[in-house]
Amino acid sequence: MSLGLGQDRNRQPEEEVITMTTASQVKARLDHPVIDADGHTIEFMPAVGQVLRELAGADVAVPLFDGRTGLAGGWYRRSPAHRAETRQVRPPWWGLPAENTLDRTTAMLPGLLHERLGELGIDFAVVYPTSGLQASGYPVTELRQALCRAINTYHAEVFAPYRDRLAPVAVIPMHTPEEAIAELDHAVGVLGMKATMMAGIVERPIGAVAEGAPAVARYARWVDSLGIDSEYDYDPVWRRCAELKVAPAFHSGGMGWGSRGSTQNYMFNHLGHFAAAGEATCRSLFMAGVTNRFPELRFAFLEGGVGWAANLYNDIVGHWEKRNRNTVMRYDPRRIDVGLMEGLFRSHGAAVTAKVDGELRPLLERLAVNLESDDMLDEWAATGIERAEDIVDRFARSFYFGCEADDPMNAMAFDTRLNRFGARLGAIFSSDIGHWDVPDMREVLEEAYELVSHELLSEADFRDFTFANVTRLYGAANPEFFEGTAVADACRRELAADAVPDLLESRSASHEAEGSDDGHGTP
């Protein structure tokens with residue numbers, strides 16, 4: 001596979017682009033480990049089902065464990081007309097590797113993945129569940145909680161012998177703070193898991209519809225993104241994350257929202273949906289002041305890339321500059337000079353004034369009426385921002401973004417010319433092995449390195465992308481996250497050298513010269 005990037009038009013004919021053809025060739029050029037921030041395991045559902053029955057009872061039946069169709073079974077049982085009538089969204093199909101049986105099995109067996117990591121050019125991998133997205137959003141409370149616990153218990157057991165190179169991720173349901181904290185305590189405190197996958201959004205019924213028209217209530221739902229306007233106060237969850245030394249990571253989908261509701265085209269629904277879900281939660285946490293109240297926490301958003309994050313970051317800066325508590329007063333309608341406006345209307349707008357006859361003055365006075373309450377004018381109050389540069393600290397330092405290897409937009413994270421105040425965003429290398437995005441696991445590192453080959457990233461940027469950023473993400477929360485692993489020494493050195501990362505500038509002088517040795521040594 002290839003990113004399909006074009007040649008540099010300014011390159012002289014005799015200059016050749018360095019092209020890596022295998023993971024081993026790329027790895028040979030690096031002086032640092034490669035940490036996969038978002039690989040995937042494919043659960044062997046009959047085994048997970050057995051764990052579920054042990055936890056929830058022998059007679060429990062959950063559509064998620066139907067090996068033929070899972071939760072999507074209802075779509076297949078309905079006619080196209082019925083799907084359209086009920087707006088039943090086309091679910092994912094053929095989402096797992098099939099042609100490459102070795103890769104499919106590798107994603108299912110931690111022992112085989114552990115054995116093949118060297119072949120993939122990966123030193124350590126944080127491995128997310130596949131069934132976790134469905135489990136954390138399951139509508140029945142008791143079964144949702146049991147599903148998440150069963151998946152976590154299964155992963156804790158099957159990954160236990162391989163913790164030196166693989167870190168399984170716990171599924172955390174977020175419908176209420178109480179159930180989130182309960183599963184955090186169990187997954188981290190009892191099972192010993194160190195990384196989390198949280199539902200970043202919760203679809204909730206609209207109360208007035210549920211009460212007045214219960215028969216159609218399931219069609220009228222709103223998206224709770226855990227911050228602004230949330231039904232619950234999630235600060236206890238973020239506080240518990242800090243106490244347990246885990247970085248909240250969100251892996252939610254946006255299929256079914258708004259325009260992503262096709263009843264017949266999965267690709268139409270899939271395009272951009274992880275980015276949409278991640279953007280919703282990220283924007284909500286930022287505007288609700290979560291990163292202001294919990295500056296020690298680092299939050300991650302998986303599989304959506306970083307293009308949306310660069311847009312959101314720069315958009316936040318622009319919005320704050322024009323609508324902070326001081327500058328927003330420029331738009332106070334009471335500032336309108338009604339007399340001046342009336343004179344201009346009479347001198348330049350005869351055709352307009354003729355239509356309102358003698359009503360011009362009172363009509364113009366209506367334009368100068370203020371309907372806003374003074375205590376609601378500062379919509380940035382929760383963020384704690386006093387100057388635009390503070391946004392770097394609240395956003396770029398707090399958020400990290402899972403980027404798949406074949407996404408050329410990954411370069412935006414490191415483009416200090418585009419990002420206001422020269423910010424570098426926390427892009428983290430995410431293989432997505434185990435899903436249809438990756439037909440051959442061996443090509444992932446090569447694909448990621450193409451951005452270096454085409455001079456869109458420097459070697460130092462690539463180091464941040466594949467190693468330093470994910471070390472900061474987990475190490476900021478838990479300095480011992482990588483202890484006992486194959487990358488412990490390198491991560492320990494990185495955290496010691498980068499105790500106070502400055503995202504306003506390049507992390508070190510090595511960012512100025514491609515391929516320079518940053519002195520941290522080899523893994």
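This is a predicted model: local features need pLDDT of at least 70, side-chain atom pairs count only at pLDDT 80 or more; totals for chains, interfaces and linings use all residues.
Colleague: Thanks! How many aromatic pairs does the count come to?

Modeller: Two rings are counted as a pair if their centres lie within 6.5 Å. By this rule, the number of aromatic pairs is 24.

Colleague: Let's take one of them. What kind of pair do the rings of Phe-301 and Trp-308 make?

Modeller: Their centres are 5.9 Å apart, and their planes meet at 90°. Planes over 60 degrees apart fall into one class, so the pair of Phe-301 and Trp-308 is edge-to-face.

Colleague: And how far apart are the ring centres of Phe-395 and Phe-399?

Modeller: The planes of Phe-395 and Phe-399 are at 90°, so this pair is edge-to-face. The distance between their ring centres is 5.1 Å.

Colleague: Is Trp-308 buried or exposed?

Modeller: A residue under 20% relative accessible area belongs to the buried class. The value for Trp-308 is 12%, so Trp-308 counts as buried.

Colleague: Which residues do ring pairs link into a cluster with Phe-301?

Modeller: Phe-301 is a buried residue, at 1% relative accessibility. Through ring pairs, its cluster also takes in Tyr-232, Tyr-234, Trp-238, Phe-250, Phe-286, Phe-299, Trp-308, Tyr-313, Phe-395, Phe-399 and Phe-401.

Colleague: On to the helices. How are α21 and α22 placed relative to each other?

Modeller: Helix α21 covers residues 459-477 and helix α22 covers residues 488-497, with axes 10 Å apart and an angle of about 75°. Angles of 65 to 115 degrees share one label, and α21 and α22 are therefore roughly perpendicular.

Colleague: Which residues of α22 make the contact?

Modeller: On the α21 side, the contact is made by Arg-463, Phe-467, Ala-468, Thr-471, Arg-472 and Gly-475. The residues of the contact divide into five nonpolar, two polar and three charged. On the α22 side, the residues are Ala-490, Cys-491, Glu-494 and Leu-495.

Colleague: Which residues does Glu-342 contact, leaving aside neighbours within four places in sequence?

Modeller: Glu-342 has its place in helix α16, residues 338-348. Glu-342 is buried, with a relative accessible area of 15%. Its contacts beyond those neighbours are Leu-360, Arg-361 and Leu-364.

Colleague: How far apart in space are the C-alpha atoms of Asp-393 and Ala-423?

Modeller: Asp-393 is in helix α19, residues 390-396, and is partly exposed at 31% relative accessibility. Asp-393 and Ala-423 are 30 residues apart in sequence, while the C-alpha to C-alpha distance is 9.6 Å.

Colleague: Now the backbone. What is phi of Leu-226?

Modeller: Most residues other than glycine have a negative phi. Leu-226 lies in the loop between β6 and α11, and is buried at 3% relative accessibility. Leu-226 has a positive phi, near 75°.

Colleague: Where does Asp-432 lie?

Modeller: Asp-432 is not a glycine, yet has a positive phi of about 60°. At 0% relative accessibility, Asp-432 counts as buried. Asp-432 lies in the loop between β10 (426-430) and α20 (444-453).

Technical notes: Residues are numbered from 1 along each chain as its sequence is written. Side-chain values use heavy atoms; hydrogens and water are left out. Rings of Phe, Tyr and Trp (its six-membered ring) pair if their centres lie within 6.5 Å; planes under 30 degrees apart count as stacked, over 60 as edge-to-face and the rest as tilted. Buried means under 20% relative accessible area, exposed over 50%, partly exposed in between (1.4 Å probe, protein chains only). Axes are lines fitted to C-alpha atoms, for helices over the stretch in contact, and angles run from 0 to 180 degrees between N-to-C directions. Helices (H or I, at least four residues) and strands (E, at least two) are DSSP runs, numbered from the N terminus. Angles under 35 degrees count as roughly parallel, over 145 as roughly antiparallel, 65 to 115 as roughly perpendicular and the rest as oblique. Contact means heavy atoms within 4.5 Å. Ala, Val, Leu, Ile, Met, Phe, Trp, Tyr, Cys and Pro count as nonpolar, Asp, Glu, Lys and Arg as charged, and the others, Gly among them, as polar.
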